Amino acid sequence: MYGLVRFHALRGLANLSKEEPLRQEIASKGILSRLCKMGHREDDMVDPNVKLLVASIFSNFSLSEDTSCISSFEAISSLYLLIFSDTLDYVVEGLWAIANYCKEEGKRRELIETDGIKMIFNLLNIKEVQIWFEVARVILNISAGLDEEKRFLIKEGALEAILSIYNYCTEHNPRGRLYEVRKHKASRPVARDGQESEEEDISDGDNEIGPEDEEEEDAEDVDQNARLMAMTVATHALKNLTTFHYAGRMVMNLGGDKPLMSLLRMEFNTEGQQHAAAVLGNLADSADCCDKLVREGLIESLIDLLKLSVSPGVHQEAVYALANIMRHKEDYQRSILENGGVSSICGVLRKNVTAMVAFNVIRCLSLFTLPEARLEILRRDTVAHVLCVD
């Protein structure tokens, strides 16, 4: 009877804790401390339904506007029980909540002090895209913190973890190549007037797509999108970590330039392009890394982004990267000029840009020392366009 009453009480708390005012009321009653003690009593956690409900409650609280009212011990230590579960749903739920809690400084510190980072990185041995996405979120939220926390992440293997996510999302893709264009329907010749199509009769059904095939394709699309999201979040975290030059060199040594260049060229992933351009810009700040990236076609790819993308965020990061590249060699400036880079950079100002984008454009243009480049800038009425920026 006690077990049944406890189950319904926890289910009620799980439902109530979905609302912010009720979360505050529950926290004020000291209920979270009792839940934490329950989580550490093995006999109370035998029932998997109880375990899931406790996870749901702490997960709901991770969405609170202010998580400082929840002690790190109560939140993080209880969620550790979930991420070491044999059930995938529990692991994902625990990681999701930990990632949310890591937006707050105190929770990040608790995770670091309890060696939680190592334990979370070990979960990358599980080949499940949901886990990899949530691990990427944990890295991202911690990397948004203090410099010492970023250095700690790098020391604990965050760069290797991110490169593992890239590898998993590409090489371990069951469809072979990431985000390949799929033909939803078999092509069928259309007969012109007065002609008969040789393939008019397809009654054998070999090329027809039935409901089961469509369901399988939908499932593959979901998996592809999940992999793309994991790579994008991981790249955002990498942008925060590669502000240190030594981290950028480590990424290059680990072969991170290749997946980053691939992500930069994925036209349908604007957010991924933006973060990839930012990371590559950080890497290009180092002369030796810049040489290798230029040989791989970074200048041409960035100029293409400026021409084709309509995203202000992509424009800002692409111009930032080009500015870092041209600082190293005059030859790089010439390459940018010959590939239409000056006109593309100036062309950004003709669009509806923010002050921050305009600032990055002006900074980039001011670095040109070639007389031909400066003349091209003057011909583009750059000053007039700058004055029109709000």
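**Figure 1. Surroundings of Lys127 in the predicted model.** Apart from residues up to four places away in sequence, Lys127 touches Trp132 and Tyr168. The structure shown here and in the following views is a predicted model. Lys127 belongs to the loop that runs between α8 (116-122) and α9 (129-143). Along the chain, Lys127 and Tyr168 are 41 residues apart, while their C-alpha atoms are separated by 7.8 Å. Lys127 is classed as partly exposed because its relative accessible area is 47%, which falls between the 20% limit for buried and the 50% limit for exposed residues.

**Figure 2. Overview of the protein chain.** The fold of the protein chain comprises 23 helices and zero strands. Of its 390 residues, 50% are buried. When contacts between residues at least 6 apart in sequence are considered, 74% of them join residues at least 24 apart. The chain exposes about 19800 Å², of which carbon and sulfur atoms supply 51%.

**Figure 3. Packing of helix α7 with helix α10.** Helix α7 spans residues 105-113 and helix α10 spans residues 147-156. Two packed helices are described by the angle between their axes and by the distance between those axes. For α7 and α10, the angle is about 30° and the axes are 12 Å apart. The crossing of these two helices is left-handed. On the α7 side, the contact involves Glu105, Arg108, Arg109 and Ile112, which meet Glu148, Glu149 and Phe152 of α10. By class, the residues of this contact comprise five charged, two nonpolar and no polar ones.

**Figure 4. Close-up of Arg108 in helix α7.** Arg108 is located in helix α7 and is one of the residues through which α7 meets α10. Arg108 counts as buried because its relative accessibility is 8%, under the limit of 20%. The side chain of Arg108 makes a polar contact of 2.7 Å with the side chain of Glu105. The Arg108 side chain also reaches the backbone oxygen of Lys103, at 3.2 Å. Leaving aside residues up to four places away in sequence, Arg108 touches Cys102, Lys103, Asn141, Ile142, Gly145 and Glu149.

**Figure 5. Thr242 in the loop between α12 and α13.** Thr242 occupies the loop that lies between α12 (211-241) and α13 (245-253). Is this residue buried or exposed? Thr242 counts as buried because its relative accessibility is 1%, under the 20% limit. The Thr242 side chain reaches the backbone oxygen of Leu238 at 2.8 Å. A polar contact of 3.0 Å links the side chains of Thr242 and Asn282. Beyond residues up to four places away in sequence, the residues touched by Thr242 are Ala247, Gly248, Val251, Val279, Asn282 and Leu283.

**Figure 6. Ser262 in helix α14.** Ser262 is part of helix α14, which covers residues 257-264. With a relative accessible area of 40%, Ser262 is partly exposed. Ser262 and Gln273 are 11 residues apart along the chain, and their C-alpha atoms are separated by 9.2 Å.

**Figure 7. Helices α17 and α20 and their buried residues.** In helix α17 (residues 298-308), the buried residues are Leu298, Ile299, Ser301, Leu302, Ile303, Leu305 and Leu306. The cover over these residues includes α14, α15 (270-284), α16 (287-295), α18 (312-326), α19 (330-338) and α20. Helix α20, comprising residues 341-348, is itself mostly covered, with seven of its eight residues buried. These buried residues of α20 are Gly341, Val342, Ser344, Ile345, Cys346, Gly347 and Val348.

**Figure 8. Arg363 in helix α21.** Arg363 is found in helix α21, which spans residues 355-366. Its relative accessible area of 26% makes Arg363 partly exposed, since the value lies above the 20% limit for buried residues and below the 50% limit for exposed ones. The side chains of Arg363 and Asn324 are joined by a polar contact of 3.4 Å. Not counting residues up to four places away in sequence, Arg363 touches Asn324, Tyr320 and Ala323. Arg363 and Val319 are 44 residues apart in sequence, whereas the C-alpha to C-alpha separation in space is 8.9 Å.

Terms used: Residues are numbered from 1 along each chain as its sequence is written. This is a predicted model: local features need pLDDT of at least 70, side-chain atom pairs count only at pLDDT 80 or more; totals for chains, interfaces and linings use all residues. Side-chain values use heavy atoms; hydrogens and water are left out. Helices (H or I, at least four residues) and strands (E, at least two) are DSSP runs, numbered from the N terminus. Buried means under 20% relative accessible area, exposed over 50%, partly exposed in between (1.4 Å probe, protein chains only). Contact means heavy atoms within 4.5 Å. Accessible areas come from the Shrake-Rupley method with a 1.4 Å probe; for residues, only the protein chains shown count as cover. A polar contact is a pair of N or O atoms within 3.5 Å; within protein, one must be able to donate a hydrogen and the other to accept it, and residues adjacent in sequence count only if both atoms are side-chain atoms. Axes are lines fitted to C-alpha atoms, for helices over the stretch in contact, and angles run from 0 to 180 degrees between N-to-C directions. A crossing is left-handed if the near helix is turned anticlockwise from the far one by less than a right angle, and right-handed if clockwise. Ala, Val, Leu, Ile, Met, Phe, Trp, Tyr, Cys and Pro count as nonpolar, Asp, Glu, Lys and Arg as charged, and the others, Gly among them, as polar.
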